[in-house]
Amino acid sequence: MLPDAVMKQAQQEMLDWRGTGMSVMEMSHRGPEYTSIAEKAEADLRDLMAIPDDYAVLFLQGGASLQFPMIPMNLLRGKTKADYFNTGAWSTKAIEEAQRYCEVNVAVDSTDNRFTTVADKANWQLSDDAAYVHYTPNETIHGLEFHDIPDVGDVPLVADMSSTILSRPIDVSRFAMIYAGAQKNIGPAGLCIVIIRKSLLGDVLPDTPKMLNYKTHADNGSMFNTPATYSWYLAGLVFDWIKQQGGLEAMATINKRKADKLYYAIDSSDFYANPVDVNYRSWMNIPFTLADSKLEKAFLEQAAAEHLLTLKGHRDLGGMRASIYNAMPEAGVDKLIAFMQQFERQYG
Ligand SMILES: *Cc1c(COP(=O)(O)O)cnc(C)c1O
């Protein structure tokens, strides 16, 4: 979902942005109007996340998936090994891509528990010569989320925050790099945000294309080539909206309350189940199964009739999944819970 208020504002401004006679889609990305839009979006994101000045904020294309190879290209910096946590489908994809460039040490492996929990720190196999540690704070498909930042000592920590960025305050200074595809918790697809410590820029693998070097984008204000201008603009409207909601503390309070309610409804029923360790349950993506998987089709059809949409689980996992990102109002979660209870009374 995107916030209604944001979409209404975009609709109002679509044909004529603030008396310029132009749509944002029609502006030159180097003109003063678009420059003001781009700069405000970056300033608002820096403000929301309290991003320190020694970090670059980049607005890139290629999605989170293009960062999977760009991370080793840019962050190995003379080393040949990186540590990865494998806690779900997205971690696995990041690992597969990194293995093309370096030795990957899987320091934490949740495949044995089917991505439902994370081993105690005493069992992590961190190496002493890793260039960086990569993990996925929120596994969008499996619904497993870290509620604390893993302590990896002085090794640069890299996080794929695609589905959890802006859901709560985080201490950016604990990370070497944070990245997030915009389409989960920020705005429309087409944009990937990268927040990276400036001192790590520039020491790339030989033959790295200019476009895949973070320094190229940092040196050019993310305008080395034409950026995804409209997605960037809409992301800026979302940042503004989050500020109006009270910032990330306010988002965290609402998000936790929404998630707690839905988990409570699932746990207090024998009809629905969520397999994830309670200490690692996601606030954003809540997968659940029905007691009888043959009822899934009826569940989805009846839910859709009540405008409860996109509840089908990921094709890799099956079952259901409620993605309750920032823009999902609490009333939407209440409505889903009421529907689930009614469906259980009918079929349970
Ligand atoms: C969706 C997602 C991705 C992939 O994002 P794209 O922008 O489609 O490349 C990567 N990581 C996580 C955690 C995601 O949720």
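This is a predicted model: local features need pLDDT of at least 70, side-chain atom pairs count only at pLDDT 80 or more; totals for chains, interfaces and linings use all residues.
**Cysteines**

I began with C102: its sulfur sits 19 Å from the closest cysteine sulfur, the one in C192, so that is too far for a bond. My cut-off for a disulfide is a pair of cysteine sulfur atoms within 2.5 Å. A disulfide is, after all, a covalent bond between the sulfur atoms of two cysteines. I checked from the other end too: C192 is in no disulfide, with the sulfur of C102 as its nearest at 19 Å. The tally for the structure is 0 disulfides.

I then looked up burial, where buried means under 20% relative accessible area, exposed over 50%, and partly exposed in between (1.4 Å probe, protein chains only). C102 comes out buried at 11%, and C192 is buried at 0%.

**Ground rules**

Residues are numbered from 1 along each chain as its sequence is written, and side-chain values use heavy atoms, with hydrogens and water left out.

**Ligand**

Which residues come nearest to the ligand? I found S65, T140, D160, Q183 and K184, out of 13 residues around it (near means a heavy atom within 4 Å). By class, I get 3 nonpolar, 8 polar and 2 charged residues in that shell. Helix α3 (residues 63-75) gives the most to the shell, 4 residues; helices here are DSSP runs of H or I, at least four residues, and strands are runs of E, at least two, numbered from the N terminus.

A side-chain N or O atom of D160 is 2.6 Å from a ligand nitrogen. For Q183, a side-chain N or O atom lies 2.9 Å from a ligand oxygen. A64 uses a backbone N or O atom, 3.1 Å from an oxygen of the ligand. Taken alone, the ligand exposes 380 Å², and the protein buries 87% of that (Shrake-Rupley, 1.4 Å probe).

**Aromatic rings**

I counted 19 aromatic pairs, where ring centres must lie within 6.5 Å, and planes under 30 degrees apart are stacked, over 60 edge-to-face, the rest tilted. I picked out Y272 and F288: centres 5.8 Å apart, planes at 80°, so edge-to-face. This pair links distant parts of the chain, strand β10 (residues 272-273) and strand β11 (residues 285-290), with the two residues 16 apart. Y272 is buried at 4%, and F288 is buried at 1%. Ring pairs also link both into a cluster with F271, F299, F339, F343 and Y347.

Note on methods: A polar contact is a pair of N or O atoms within 3.5 Å; within protein, one must be able to donate a hydrogen and the other to accept it, and residues adjacent in sequence count only if both atoms are side-chain atoms. Ala, Val, Leu, Ile, Met, Phe, Trp, Tyr, Cys and Pro count as nonpolar, Asp, Glu, Lys and Arg as charged, and the others, Gly among them, as polar. Rings of Phe, Tyr and Trp (its six-membered ring) pair if their centres lie within 6.5 Å; planes under 30 degrees apart count as stacked, over 60 as edge-to-face and the rest as tilted.
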